[in-house]
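Here is a short briefing for a first look. Have the sequence and the 3D view open as you read.

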Amino acid sequence: MLIHTDLLRRMLEVCLSNWAFCHLGPQLISHLCKTGAAVLKAMGRIGNETVKGSLNERPEGPELAAEPWPENAALYQQLKEEQILLSDNASSLAVQAFLQMCNLPVRVICRANAEYMSPSGKVPFIHVGNQVVSELGPIVQFVKAKGHSLSDGLDEVQKAEMKAYMELVNNMLLTAELYLQWCDDVTVEEITHPRYGSPYPWPLNRILSYQKQWEIRRKMKAIGWAGKTLEQVLEDVDQCCHALSQRLGTQPYFFNKHPTELDALVFGHLFTILTTQLITDELSEKVKNYSNLTAFCRRIEQQYFEGHEKDSATIAARSSKRPLLR
Amino acid sequence: MAAPMELSCWEGGWGLPSLHPESLTVMAYAKFSGAPVTVNSVNNSWRTLKGDLPVLVSEDIVISQPAKILNFLRKQKYNADYDLSAKQGADTLAYIALLEEKLLPALLHTFWIEAENYCSVTKPWFASRFAFPLSLYLPGKMSREALNRILLTKGGPPLYSLTEVEAQIYRDAKECLNLLSKRLGTSQFFFGNMPTTLDAFVFGFLAPIYKVCFPRVHLQEHLKQLPNLCRFCDDILTRYFRLTVSSHSPAGQDTADANLQKLTQLVNKESNLIEKMDDNLRKSPQHPPRKLTTLKLAAGGEESSPTSRLSP
């Protein structure tokens, strides 16, 4: 039922190589061997760079708190210029913002197979000491176990609200981004398929992106989004932004004085939507309607990312000729 | 606004007007906002095959999802959120997202996937509500859809087996219930004294967990440890649903009950009469039957006919 990507790739590689030897000319065989080699190299990287033993471990309290945050903590994501997609970039930026807010240094490393290295199949993931943790939720808990937390000052009702708003962003904004990337035919053909498989040679790039598209479409069907049109999805995005804008009001952050993980998550998604150039501008127009949200993004960018010129500049460059927020 | 609106949804049981969370949500919202909606329990129309319930039909317009139905009712000026501030409206949306992400998977699991619950409660109940061929096919289909949904949304690595996914979703659901309880606190509804959309959604999700008697009930037990949520469900049931059950409920049910009661009373009286007659006859057979009219029993005119029939 749950097909594991690396297993599928191995199967494909075996089938391709057998078929090639039986039926095809030498040029095609060598091309396919290159494909197979690329696959093997990618799998080899998986073996080298992750620490297998710690993949399924959950951080334990006392032994974790004992270790301070190391200097060489690394965050892995896909290649910024050519490969990364809207939703993954948003998630990655959210984690980077969160770690900046906690004052924890982290290097951003781009790898083509980051998705396959991750313990949960989703980017970004961080490699700290000998622990590997992926996605914002577990990363927040991991950082909390290390003794850093942004939401300690909130009371119970505020914590409930924060969790509810984070679910709102995940439920509506992230799903809308996934819908736009994988279920809108124009975007899929012109942006997603070329970008997603770009590090790999043909036919692996097409196979991987079709497989991912099939997976995402199945998920959309299960949650009832498959029947929605693009206009309805944009309507939902508008509703979500309206709600966020109302909640933010005129405050600097969602919970007044200090930023929390909710601010990081919202910043990640909204900034990415605002600075990514898609086929049409409709998605970013929906966000631009709310001036306090754009001001919020600008404020966080200036406060937490200006110092790292490299990061913000590459964010701008990846967004293909669109300047930073003015 | 004066157009009659008809809502088709699943039937109810165990003291609830419906067992389906979305149907309950829409019914609760209709009650809160005072919309004149007649509720129609559907059991064998083709709509159940598509799984599209609840459905609102108003003149020629057919609307099918809860969010759209609520929007339609609001446009018809039946708005339960009238007094809410903008921030509270935003909170509503956020909490609804929380319910759908954290509580709904556990609800689906308790009803449709947990083997004991499904085989002993859910499947017989749903199967008994459908006509013959649908009753074999539809519960299985709904169960497969629920499993699919849970596995696709929650079942990715590092959770590789169904038991790990189950553990995770029940943990999430318990956390969600705790958060709701903290948010409700001691107030009567989530935003003060008047119920709103959020109350309708929370009621729709909580009431089935609270009321339906399942063999495997750890979520229900957890809910029962949160007294303010239980009080919330009971309040809404007594204030908004008992009233309509007595006034214009599915009329057939009530009159049938009333008729049954009257019939039982009649039969009892008849048998008492017959016993007394037997005694009298044994004691003094020459006594005229007229004497039976002296036997005054509680009710009124029904007596005259049995006695007149018995008199030779």
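## Salt bridges and a helix pair

A network of salt bridges links A:Glu161, A:Arg247, B:Lys87 and B:Asp91. The model is a predicted one. Over all chains, the structure holds 14 salt bridges.

**Within helix 4 of chain B**

- B:Lys87 forms a salt bridge with B:Asp91, and their closest N and O atoms are 3.4 Å apart.
- Both residues lie in helix 4 of chain B. They are four residues apart, about one turn of the helix.
- B:Lys87 has a relative accessible area of 33%, so B:Lys87 is partly exposed.
- B:Asp91 has a relative accessible area of 2%, so B:Asp91 is buried.

**Helix 4 against helix 7 in chain B**

- Two packed helices are described by the angle between their axes and the distance between the axes.
- Helix 4 (residues 86-113) of chain B packs against helix 7 (residues 162-184) of chain B at an angle of about 135°. Their axes are 9 Å apart.
- The crossing of helix 4 of chain B past helix 7 of chain B is left-handed.
- On helix 4 of chain B, the contact residues include B:Tyr95, B:Leu98, B:Lys102 and B:His109. On helix 7 of chain B, they include B:Glu166, B:Ile169, B:Asp172 and B:Arg183.
- By class, this contact of helix 4 of chain B with helix 7 of chain B has 13 nonpolar, two polar and four charged residues.

- Side chains of opposite charge can pair when their charged atoms come close.
- B:Lys102 forms a salt bridge with B:Asp172, with the closest N and O atoms 3.8 Å apart.
- B:Lys102 lies in helix 4 of chain B and B:Asp172 in helix 7 of chain B, so the pair ties together parts that are 70 residues apart in sequence.
- B:Lys102 is buried, with a relative accessible area of 18%. B:Asp172 also counts as buried, at 9% relative accessibility.

**A salt bridge in chain A**

- A:Lys228 forms a salt bridge with A:Asp236. The closest N and O atoms are 2.6 Å apart.
- A:Asp236 counts as buried, because its relative accessibility is 14% and the cut-off for buried is under 20%.

Terms used
Residues are numbered from 1 along each chain as its sequence is written. Chains are lettered from A and ligands numbered from 1 in the order in which they are written. This is a predicted model: local features need pLDDT of at least 70, side-chain atom pairs count only at pLDDT 80 or more; totals for chains, interfaces and linings use all residues. Side-chain values use heavy atoms; hydrogens and water are left out. Axes are lines fitted to C-alpha atoms, for helices over the stretch in contact, and angles run from 0 to 180 degrees between N-to-C directions. Helices (H or I, at least four residues) and strands (E, at least two) are DSSP runs, numbered from the N terminus. A crossing is left-handed if the near helix is turned anticlockwise from the far one by less than a right angle, and right-handed if clockwise. Contact means heavy atoms within 4.5 Å. Ala, Val, Leu, Ile, Met, Phe, Trp, Tyr, Cys and Pro count as nonpolar, Asp, Glu, Lys and Arg as charged, and the others, Gly among them, as polar. A salt bridge is a side-chain nitrogen of Lys or Arg within 4 Å of a carboxyl oxygen of Asp or Glu. Buried means under 20% relative accessible area, exposed over 50%, partly exposed in between (1.4 Å probe, protein chains only).
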